[in-house]
Amino acid sequence: MSAEVTQGRRVALIDGESRLDLVVPLHARVDDVLRAAGAAMQPGARVVGIAGREVPRPTAMSALEDGVVLVVVDPSIVPPGEEGRAAIARAATRVSAAWAVLAAGGGILALIRVLGGDALPGQVRGIVGVVALVAALLAAIAVGLRARPRTATLAPVVGVVALAFGGGMAVVPDLPASTTLVAVFTGLLASAVVAGVLGVVGLTDALRAQSRTATIVAAVLAAIWGVALLLHLDPSAPAAVTLGLVPVAQRVLQSSLVDVAPGTFIDYDRFQSTRWTVRQALPDEVRTIEADDADALVARSTARLTVGTVLLVAAGSASAFAAIPTFAGDGPVVLGGRIALASTVVLSLLLSSRRSTVPFLRWVARAGAVAVVAAAVTALLPVFTPDLLVLVAGLLLLGGLGAALLVVPVGRGLRSLGWSRTGDVFEALATALSLPAGLLAAGAIEIARAMMAT
């Protein structure tokens with residue numbers, strides 16, 4: 001005597017905190033499973049698989065695998081704690097917007113001082129500059145004393161440094177000796193001092209690391225503009241050196257992020273076994289490392305990388321228009337230096353953005369490259385003739401078509417190790433040549449000749 005066998009599917013249905021293991025016929029649909037399980041489906045609720053993809057309710061069980069896991073998801077239900085986290089996120093957004101306003105205020109003060117004119121009378125500008133400096137110092141102290149391990153510190157540090165820079169430039173009076181060099185040098189010194197105060201009073205390791213990196217960047221830039229001030233150079237000279245220093249400083253920053261003892265990553269058992277090895281004291285052996293120590297090390301390194309990259313790219317972008325004022329009327333050496341400076345900095349910023357582990361910094365570097373390109377195009381416009389403009393427009397059209405053709409394969413995941421290595425080679429060359437190009441664009445050869453002749 002034979003018995004009829006009905007084939008079925010094993011299904012695990014998860015609804016909230018409950019789980020039901022069912023065996024249903026192949027011809028049944030997902031709707032039938034939900035009704036049989038007594039699942040209360042609210043309007044807008046969905047059924048998803050274990051991979052997160054939605055499973056339509058009319059789907060037959062024969063189209064699903066045996067042992068499938070179905071999860072009932074109701075988007076209207078807010079998990080415990082999510083409302084608090086959402087409120088914290090909204091508050092953080094408002095705070096970041098406030099720091100962005102402070103940074104924009106500092107930039108506007110600096111722009112008013114550089115452009116001059118009657119936008120703001122000298123006495124009023126001086127008072128506003130003093131107020132900005134005091135506000136930056138008080139804000140730095142407040143941020144340092146109220147910082148917590150989970151507090152976002154990039155926006156406050158950048159906002160305070162930018163406000164101090166604008167205030168430092170604005171306090172310089174309108175005197176014959178108070179040139180743009182003096183104003184920029186004063187603004188950079190003010191930024192370094194305020195960032196140093198923030199690094200001293202900061203209560204978290206990440207904030208101190210970020211502030212000290214900002215102090216070093218501002219102090220190095222102040223030294224460049226201070227030397228130019230002593231040599232009575234045109235503002236385009238220190239601006240060119242600043243722009244050429246950006247790729248090199250980024251590479252130095254990346255190589256100095258991890259603050260560990262010297263020699264920690266060197267295999268001394270191997271390299272000190274040869275007779276040509278330079279001897280030195282062995283560092284203490286690291287036997288164990290705690291997860292908290294590793295997290296703190298990563299937090300400090302990420303803080304240094306973010307603030308250093310943002311400040312360097314911002315300084316380079318602001319200096320680009322002064323570093324490349326024109327491509328006409330200068331000697332061939334300076335002209336070649338400006339062309340090489342724009343090319344190497346753009347290449348270095350674009351190619352280095354590929355390897356950034358922080359997505360935000362990729363767009364910071366690309367924005368800096370766009371600023372340098374805009375400065376170069378602005379300098380080229382007076383030189384262009386109508387025929388040359390047509391040629392440039394044709395080249396840009398061909399470049400745009402090529403980029404459009406590459407969008408689809410790249411978007412589908414096309415990768416090439418050969419092209420990547422080629423990009424690494426060009427990036428290394430652009431980084432190595434950017435600072436020499438900046439020195440040539442600054443007229444370093446003519447300055448050396450004049451010094452030798454005196």
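We go from the sheet to a helix pair and then to a single serine.

Tutor: One note before we start. This is a predicted model.

Student: Fine. What is the strand order in the open sheet of four strands?

Tutor: The order is E2-E1-E4-E3, and the pairing is mixed.

Student: Which strands sit at the edges?

Tutor: Strand E2 (18–25) and strand E3 (46–49). Each of them pairs on one side only. From one strand to the next, the twist averages 30°.

Student: How do E1 and E2 pair, parallel or antiparallel?

Tutor: Antiparallel, over eight bridges. Strand E1 covers residues 8–15.

Student: Switching to helices. At what angle do H4 and H9 pack?

Tutor: About 35°, with the axes 10 Å apart. H4 spans residues 154–170. The crossing is right-handed.

Student: Which residues make that contact?

Tutor: H4 contributes Leu154, Val157, Val158 and Val161. H9 contributes Thr306, Val307, Val310 and Leu311.

Student: How many of the contact residues are nonpolar, polar and charged?

Tutor: Seven are nonpolar, one is polar and none is charged.

Student: Now Ser317. Where does it lie?

Tutor: In helix H9, which runs over residues 291–323.

Student: Is Ser317 buried or exposed?

Tutor: Buried, because its relative accessibility is 18% and the cut-off for buried is under 20%.

Student: What is Ser317 in contact with, leaving aside neighbours within four places in sequence?

Tutor: Gly368 and Ala371.

How values were computed:
Residues are numbered from 1 along each chain as its sequence is written. This is a predicted model: local features need pLDDT of at least 70, side-chain atom pairs count only at pLDDT 80 or more; totals for chains, interfaces and linings use all residues. Side-chain values use heavy atoms; hydrogens and water are left out. Two strands pair if DSSP finds at least two bridges between them. Helices (H or I, at least four residues) and strands (E, at least two) are DSSP runs, numbered from the N terminus. Axes are lines fitted to C-alpha atoms, for helices over the stretch in contact, and angles run from 0 to 180 degrees between N-to-C directions. Buried means under 20% relative accessible area, exposed over 50%, partly exposed in between (1.4 Å probe, protein chains only). Contact means heavy atoms within 4.5 Å. A crossing is left-handed if the near helix is turned anticlockwise from the far one by less than a right angle, and right-handed if clockwise. Ala, Val, Leu, Ile, Met, Phe, Trp, Tyr, Cys and Pro count as nonpolar, Asp, Glu, Lys and Arg as charged, and the others, Gly among them, as polar.
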